Amino acid sequence: MIKRKGLKSAALAIAAFSLIAGACGSDSDTATEETTAEVTEETYAALPGEGILACQVTDTGGVDDKGFNQISYKGMQDAESTLGVEIDLLESTSDADYAPNLQNFADKGCNIIVTVGFLLGDATKAAAEANPSTNYAIVDSAFDPPIANARGLVFATDQPSFMAGYLAAGMTTTGVVGTFGGINIPPVSIFMDGFAKGVAYYNEQKGATVKVLGWDTAKQDGTFAGNFQSLDDGKNIAKSQADEGADIIFPVAGPVGLGSAQFAMESGGKVKIIGVDVDMSVSNPDAAEVYIASVLKNIDAAVLAAITDTVNGVTTSDNYVGTLANGGVGVAYTAVPAELQAEVEAIGQGIADGTIKI
Amino acid sequence: MKELIKSLRYTFLALLASLLVGAIIIVVTDIDALKSGDFGKAFSTVFTAYKSLFQGSFWGLRSISNTITGTTPLLLSGLAVSVAFKAGLFNIGATGQMLAGGMTALWVGFTMTGPGWLQVPLAVIAGAIGGALYGGIAGVLKARTGAHEVITTIMLNSIASFLVLWLLKTTTFQREGRPDPISKLVVDEARLPRLFGFLDGRSDLVAHAGFFVALLATFAYWYLLKRTTLGFELRATGLNSDAAKYAGMKSKSLTVVAMLLAGGFAGMAGATEVLGTYGYASTSLAGNIGFDAIAVALLGQSSPIGTLVAAVLFGALQAGGRSMQANTDVPVDLIIVLRALIVMFVAAPLLVKAMFRVKSQVTSQGQTFRGWGG
């Protein structure tokens, strides 16, 4: 169950191994890490964030989870380079770490503390109430009832998913597309729902009969892997959907979707994948050719927006909602015919200005 | 007393050795310092890291409180693995048993309304029963069908975590207005009282009375092993089940009893987490504790006092690791490496003896559990 396998821990593990085995690591692995440290040594005298300390507490995934912790930290780093704020990070190894980590940061005098994921919800609430002069922002969650100095960073991911559904319907050759989720919780199912509605919209507009596997809009239920870890599950679900004729699959399940990409690789081009959260043709270069597009959830933009507010002296309990209009969500195109891409973009415009209702 | 000194000596030597290796790892991974050849800086990093590791675990009230909080579930689930070890069973199912116990305690914790002196013990006992029943499944499977407990407990872990996920989505357990799998809050009367609750305004001191539950359980475990017939029978079965059977002990029902006890301890670990540390349950309630418990039991050589010492050590590392991370650039992952090294250094002599099939007095102090054929 130990899933913390990041760069730093890998380096530690390698170091431990080479010490114990009596073997010395080659000098070449040190060369790759040298570059990171020196970039930040510029002067930020003119930047507005001078003197502001922005801090992030990760959930148990760690900062190198290739998921929302990592993207949130990218937002922190963006704030460091564009606003000139100082940033700090604490990783959590278990749920028991959340409260002490938040306490450490409150003691340290952080101006804004960004927490990642609903698991930190209760700890963040307690910390925000105990430290009213510190701003808090939580990724992918929100507070009900609202807290004056804490806000949620949430995303209207049904919007880009709707576009992706239209796109998939426009590109399928078999007339069947598929989707599945990790666990049936709203942050996941909202993608699948938007996707299915996008397909339905395509059918309505073009008089087509493209079928969606894995999500039933009426029942609000569908296919779920039951976890966010198992690549094998991703492979098997993709295979069974492909057996039912699907040639484009949209997995909303974190690393499980990487298994689907593996299956798509092995299918020899018969099955294509739509990525989720980030541009997966970039983040998963080994399987870049199987992605036709990705649904983007720009958590980094949300984190940057929250820190910008703090730098400007704004304390609010209003949630940040990432939409197509404010760039908090979007679609990245990898291998989409130009004509279809233009159609999808037009739909995105329509959603953003409210002429198309999801 | 002799036993205490012996287990302390083992643990201390292992700790020392692993801190040394840990120091080398910190130096080796401090790329910037190595590149500039600045060994003074590298060594000061090691010094600061270990200083905050110590300060974060024992220096000051908050640190001690954090260590106690970390120790509590480790000790209880460590006992769950230890008692099974003593009976010759390898209980990898502490995670599942914790979840089962945690959910039962939670249910009692938010449905019952009564005075605290009744609510709290009731909820803890419910947790123990829930865990015991869940652990008992593996025991019955082993006794009736011979299914190996390593396999069944691992499978039961998965079943428990999916069961919890499902339960947390039902209206009985899910908190109103929350879309994610998170439980209702335990009512205040059923929360384990905070140890430092008498200090006003110190909400950061999170240690709770679950620690006393754990200490009490440790004493009960000691009493069971050393003062009762059942404990003797368990130990005899663990050392040589054939001999025990020949002596008239019912090894099958002893297997079930051992797993019931193990589940009970782990269930209490889940209960104290839910009723003390969190006040609610989530899918990651058990975390890695069920697996860390195996290391605790190995390190403590399944003895009551050894398990206690090992659990305090691991709890201290957990608490200290956080402040180490906050005060230096050394990643918290080093703690996982340190823990692994400690266990390795303790286990290595036994491992080597086992590999070369050397029979000596020392091996009998280590873990004995039947292998795959047993």
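**Figure 1. F155(A) and its partner in strand β13 of chain A.** F155(A) has G322(A) as its bridge partner in β13(A). This pair is shown in a predicted model. The strands concerned are β5 (residues 150–155) of chain A and β13(A), which pair in the parallel sense over 3 bridges. As a general point, the strands of a sheet pair through backbone hydrogen bonds, either parallel or antiparallel.

**Figure 2. The open parallel sheet of chain A.** Six strands of chain A follow one another in the order β2-β1-β3-β4-β5-β13, and their pairing is parallel. The edges are held by β2 (86–90) and β13 (320–322) of chain A; each has a single partner strand, so one side of each is left without a neighbour in the sheet. On average, neighbouring strands of this sheet are turned by 20° against each other, direction ignored. Helix α4 (residues 98–108) of chain A lies across β1 (53–57), β2 and β3 (112–116) of chain A. Relative to β1(A), helix α4 of chain A runs at about 170°.

**Figure 3. The open mixed sheet of chain A.** Another open sheet of 6 strands has the order β7-β6-β10-β11-β12-β14 in chain A, with mixed pairing. Why is one side of β7 and of β14 of chain A left without a neighbour in the sheet? Strands β7 (211–213) and β14 (329–333) of chain A stand at the edges, and each therefore has a single partner strand. The twist from one strand to the next averages 20°. Inside the sheet, strand β10 (residues 248–252) and strand β11 (residues 272–277) of chain A run parallel and are joined by 2 bridges. I248(A) stands opposite K272(A), a residue of β11(A). Helix α8 (residues 231–243) of chain A packs on this sheet, where it touches β6 (176–181), β7 and β10 of chain A. The direction of helix α8 of chain A makes about 145° with that of β10(A). Helix α9 (residues 255–266) of chain A lies across β10 and β11 of chain A and runs at about 160° to β11(A).

**Figure 4. The two domains of chain A.** Chain A is divided into domain 1 (43–155 + 300–322) and domain 2 (158–297). Their centres, taken over C-alpha atoms, are separated by 31 Å. Where the domains touch, 6 residues of domain 1 of chain A are in contact with 5 residues of domain 2 of chain A. The domain 1 side of this contact has 2 nonpolar, 2 polar and 2 charged residues. For chain A as a whole, the secondary structure comes to 12 helices and 14 strands. Of the 358 residues in chain A, 53% are buried. Among contacts in chain A between residues at least 6 apart in sequence, 68% join residues at least 24 apart.

**Figure 5. Helix α9 of chain B and its cover.** Which residues of helix α9 (residues 229–239) of chain B are buried? They are E233(B), L234(B), A236(B), T237(B) and G238(B). The cover over these buried residues includes α4, α10 (241–246) and α11 of chain B.

**Figure 6. L254(B) and its surroundings.** L254(B) has its place in helix α11 of chain B. This residue counts as buried because 24 C-beta neighbours lie inside 10 Å of L254(B), and the cut-off for a buried residue is 20 or more. Not counting residues up to four places away in sequence, L254(B) touches A87(B), E233(B), L234(B), T237(B) and M249(B). One of these, A87(B), is 167 residues from L254(B) in sequence, while the two are 7.9 Å apart in space, C-alpha to C-alpha.

**Figure 7. The largest nonpolar core.** In soluble globular proteins, nonpolar side chains tend to be buried together. The largest nonpolar core of this model has 215 residues, and those with the most contacts inside it are A54(A), A80(B), A258(B) and F265(B). Helix α11(B) supplies the largest share of this core, 16 residues. Domain 1 and domain 2 of chain A each give at least three residues to this core. Leaving aside neighbours within four places in sequence, F265(B) is in contact with L76(B), S77(B), L79(B), A80(B), V83(B) and A217(B).

**Figure 8. The contact between chain A and chain B.** This contact takes 36 residues from chain A and 39 residues from chain B. On the side of chain B that touches chain A, the elements that give two or more residues are α1 (2–29), α2 (31–35), α4 (61–86), α7 (149–167), α11 (251–278), α13 (304–327) and α14 (333–355) of chain B. With 5 residues, α1(B) gives the most to this side. By class, the side of chain B that touches chain A has 20 nonpolar, 13 polar and 6 charged residues.

Technical notes: Residues are numbered from 1 along each chain as its sequence is written. Chains are lettered from A and ligands numbered from 1 in the order in which they are written. This is a predicted model: local features need pLDDT of at least 70, side-chain atom pairs count only at pLDDT 80 or more; totals for chains, interfaces and linings use all residues. Two residues are in contact if their C-beta atoms, placed from the backbone, lie within 7 Å. Helices (H or I, at least four residues) and strands (E, at least two) are DSSP runs, numbered from the N terminus. Ala, Val, Leu, Ile, Met, Phe, Trp, Tyr, Cys and Pro count as nonpolar, Asp, Glu, Lys and Arg as charged, and the others, Gly among them, as polar. A residue is buried if 20 or more other C-beta atoms lie within 10 Å of its own, exposed if 12 or fewer, and partly exposed in between; C-beta atoms are placed from the backbone. Two strands pair if DSSP finds at least two bridges between them. Axes are lines fitted to C-alpha atoms, for helices over the stretch in contact, and angles run from 0 to 180 degrees between N-to-C directions. Domain bounds come from an automatic or database domain assignment. A nonpolar core is a set of buried Ala, Val, Leu, Ile, Met, Phe, Trp, Tyr and Cys residues joined through C-beta atoms within 7 Å.
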